[in-house]
Amino acid sequence: MFRIFRLLRRTITAAVVAVVVTIGATAAWVTLNALREDTSPSDGIVVLGAAQFNGTPSPVLQNRLDRAYSLYLAHVAGFIVTVGGSQPGDVYTEATAGRLYLHRLGIPESHLKGIRTGSDTYNSLTAVATWAHAHGWRTVTVVTDRCHEARASAMLASLGFKIRQAPPTTGPGAAIVWPYVVRETGGLLRFWLLNERGSSASD
C-alpha cells in the first residue's frame with residue numbers, strides 16, 4: 001500500500017511539474033515573440049482589429065494602423081488588410097474603420113482590403129487566409145499588440161503562411177505587461193493543446 005501511495009505522489013508531482021514547465025515555456029514564448037521585429041518584405045500586411053468608435057479607431061487600433069502605414073511607406077509590402085467585425089449596435093466594423101483611416105493617410109483604396117468577418121482572432125484570420133490564399137500570398141506581416149503576436153502568428157502559420165512579426169514598439173498596446181502575457185499564455189495554450197481557436201474575451 002505504501003508503494004502505491006508513493007507512486008501516486010510521484011505521478012502527481014511529475015504532472016504538476018509538467019504543467020508548470022509548459023505554462024512557463026509558453027509564457028516565455030509569448031514574451032519572446034513580443035520582442036521580435038521582422039521588417040523584411042512580405043506579400044502583405046495584416047492588421048488585427050481592436051475597438052473603434054463610430055468609425056474612429058481606438059488608440060490601440062490607431063497605433064496598429066500607424067505601424068502598418070510606416071511599414072507600407074518602408075516598402076515592406078504594398079498591400080494592407082484590415083481585420084475585424086463589429087459589436088451589436090455598431091455602424092462600422094473594425095476592418096472598415098481601419099481601412100478608412102489608412103485611406104485618409106494617403107494609401108490608395110486599391111492597396112487596401114477590409115475583412116469584416118469574425119468576432120475573435122481565429123475566425124477573423126481564417127477569413128483573411130481564404131482571401132490571401134486566393135490572391136497568392138505566402139508570406140504575411142502581422143501587426144497587432146506585442147503580447148498578441150505569438151497567438152496571432154501561430155494561428156496564421158497554422159493556416160499556411162510564413163510569418164513576419166512587426167508590432168508597434170511604442171504607444172497603446174505596445175507594453176509587455178504581465179496581465180496581458182498571462183492572458184495570451186492561456187489563449188495560446190488553448191490553441192495549441194485543446195484546439196480552442198478563438199476567444200472574444202482576449203481580443
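**A parallel sheet and its surroundings**

In this predicted model, five strands form an open sheet in the order 5-4-1-6-7, with parallel pairing. Strands here are DSSP runs of E with at least two residues, helices are runs of H or I with at least four residues, and both are numbered from the N terminus; two strands pair if DSSP finds at least two bridges between them. Strand 5 (112-115) and strand 7 (162-165) lie at the edges with a single partner strand each, so one side of each has no neighbour in the sheet. On average, neighbouring strands are turned by 25° against each other, direction ignored (axes are lines fitted to C-alpha atoms, for helices over the stretch in contact, and angles run from 0 to 180 degrees between N-to-C directions).

Strand 1 (residues 44-47) and strand 4 (residues 80-83) run parallel and are joined by three bridges, with Val-81 of strand 4 as the bridge partner of Val-46. Four bridges join strand 6 to strand 7, again a parallel pair, and Val-140 stands opposite Ile-163 in strand 7. From strand 6 the chain passes through helix 5 to strand 7 in a right-handed β-α-β crossover (with the strands pointing away from the viewer, the path from the first strand over the helix to the second runs clockwise).

Residues are numbered from 1 along each chain as its sequence is written. Local features need pLDDT of at least 70 and side-chain atom pairs count only at pLDDT 80 or more, while totals for chains, interfaces and linings use all residues, and side-chain values use heavy atoms, leaving out hydrogens and water.
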